[in-house]
Amino acid sequence: MRTKHFVLPLIVLLLALTGSIALGGVAGSPAEVFTALIRHDHSTLSQVLWNIRLPRVLLAMLVGAGLSLAGALMQTMFRNPLADPAILGISSGSALGLVMALLAGLEFGSISASFCAVLGGLFAIAIISGVTRRKGAVSADTSTAGFVLVGVALNAFIAGALGILLSATSNPQARSISFWTLGTISLATWKGLTSVALFFVAGLIVISLVRTKANLLALEDYEIRILGANPSKLRFTLAIGSAILVASATSIVGVISFVGLITPYAIRLVVGPNVKLLLPIAALWGSILVLISDTLARTLIHSMEIPIGTILALIGSPIFVWVLVKRVRA
Amino acid sequence: MKTLAAIKGATISRGNKVLLENFSLQLEESSITTIIGANGVGKTSLLLAIAGELALEGGSLSIAGKNISDYSLAELALLRTYCPSTLNSAFPFTVNEFVNFGSTPWRKNVSVMLHAERLARVLATFDLVHLGSKSVLSLSSGEQQRVLLAKTFLQGARLLILDEPTTALDMSHQILINKAVIAHKNEGGTVLIASHDQDFIKGMGGRIVELKG
């Protein structure tokens, strides 16, 4: 029963990974690509594969998994299936944190810069939790559409602040990444990948502190306390975990929307809301979605890169509608 | 008889409205107490206060000989539980998953087998076995009420606090609740119920306390 949900995404991921490594401006027959990968020599194909394509493919997978997990966690923690790091402004908060770190002289792709991205994301979560807090109540009523609108406003505000910072600065490092706020995986390097992987693992460790107790957040706060768990602590831990995951992605690839919303939403319709199954399956499909989108982004038009956000919207929205319609008819 | 929980000289209010003043109540081991009274008189607030989920303004609350503030949330979860009258869930968990929330306080301390056995028993007690894999949000209100009760009983706390447990139940299922409550009492447990349901109250026996506005 459980394994059946894993088999399909694992097969699809393997196929997508193979195709993604083989496809690109510099290509060859499957056999040539395979030997170039194994030999790791000075041939152009081998150099491109090892220095550009492999880190990029791995980065796309990690980013997809991380954003998808962060979306699933935020939906769980805010009791709202429409919560998403990009919509609520958490990704922008992360980006703002990173840009400020770069302006302060930290290096792009460094761990300290990524750490500032975590702080930026947490700052955005703190604002949205604070603003939506009900008067006199212990916790915010985050299950409403109004909550999502507050997030939309916050996102617009932070994006504005980010825009002003980027256009006002003369810092070359910050200026060169201004296009990055639209989201791109093209800046992949092994060094950046290492930083992303480190933060990804850190995020997983934080989530593992809560594990299936996260499911309790579907209940009212007093019902959670009756069961002996502390809802504020659960939410706080999930906030830290998801901020780390968002920052891990955002600090190298910028703000990528859609993945954090549609993947967990669609997967929840199929496997149910239990985080035990939802989190790993959503992570797998999230990494497939971003991997395929990024491969299309760099190969669809010869010698030109399409923004990955465009591709994600084109692939993601029909899948999303298809799952919704299928669900409604069943 | 030994006292399990006692509230003394308590003032209980909701918002700015004082509902109960200088209110005292003792709950013995192996006993059933039913709170009756008109709507809005403060039954639910009293129940939540005794569960430790509504702060008292004056007075004290003790459970098993200690002041409530001396317990951690985890310790309290093994001593008392509260069953609301309506089911809330932000996501469509299955009946099995939702009922299993009740195992949170002790899940880590028992074997997988014992855990599964307890879960199976409580699902059978409340006639939920055939609904196990259905979403709790797709159930009728009577089925949802049984799910809440099953979760509450699975928690295994000594003091059961049940808020209007039979409002949505038909006769045959009321008898199930009645049996489960009396079984809990006979095992030495304490039950505190708020109810309007005359037949249910009569069938239960025990003490009746009327709240007046």
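Two strands are taken to pair if DSSP finds at least two bridges between them. Helices (H or I, at least four residues) and strands (E, at least two) are DSSP runs, numbered from the N terminus. The model is predicted, and local features need pLDDT of at least 70, side-chain atom pairs count only at pLDDT 80 or more, and totals for chains, interfaces and linings use all residues. Residues are numbered from 1 along each chain as its sequence is written, while chains are lettered from A and ligands numbered from 1 in the order in which they are written.

The secondary structure of chain B amounts to seven helices and nine strands. The C-alpha trace of chain B spans about 45 × 35 × 35 Å along its principal axes. For 213 residues, a compact globule would have a radius of gyration near 17 Å, and the 17 Å of chain B therefore agrees; the radius is taken over C-alpha atoms, and the globule rule is 2.2 Å times the number of residues to the power 0.38. A residue is termed buried if 20 or more other C-beta atoms, placed from the backbone, lie within 10 Å of its own, exposed if 12 or fewer do, and partly exposed in between. Buried residues make up 42% of the 213 residues in chain B. Contacts are assigned where the C-beta atoms of two residues, placed from the backbone, lie within 7 Å. Of the contacts in chain B between residues at least 6 apart in sequence, 75% join residues at least 24 apart.

Chain B contains an open sheet of four strands in the order S2-S1-S4-S5, with antiparallel pairing. Its edge strands are S2 (17-28) and S5 (66-67), each of which pairs on one side only. Strand S1 (residues 3-14) and strand S4 (residues 60-63) of chain B pair in the antiparallel sense over four bridges. Within this pairing, Lys8(B) has Ser60(B) as its bridge partner in S4(B), and Ala5(B) stands opposite Ile63(B).

Helix H1(B) is mostly covered, with eight of its eight residues buried; among them are Leu46(B), Leu47(B) and Leu48(B). After H1(B) comes Gly52(B), with a positive phi near 85°.

Met1(B) lies in the segment before S1 of chain B. This residue counts as exposed because it has 8 C-beta neighbours inside 10 Å. Apart from its neighbours within four places in sequence, Met1(B) is in contact with Glu28(B) and Glu29(B).

The contact between the chains takes 21 residues from chain B and 17 residues from chain A. On the side of chain B that touches chain A, helix H2 (73-79) and strand S6 (80-83) of chain B each supply at least two residues. The largest share, four residues, comes from H2(B). This side of chain B divides into 13 nonpolar, six polar and two charged residues, where Ala, Val, Leu, Ile, Met, Phe, Trp, Tyr, Cys and Pro count as nonpolar, Asp, Glu, Lys and Arg as charged, and the others, Gly among them, as polar.
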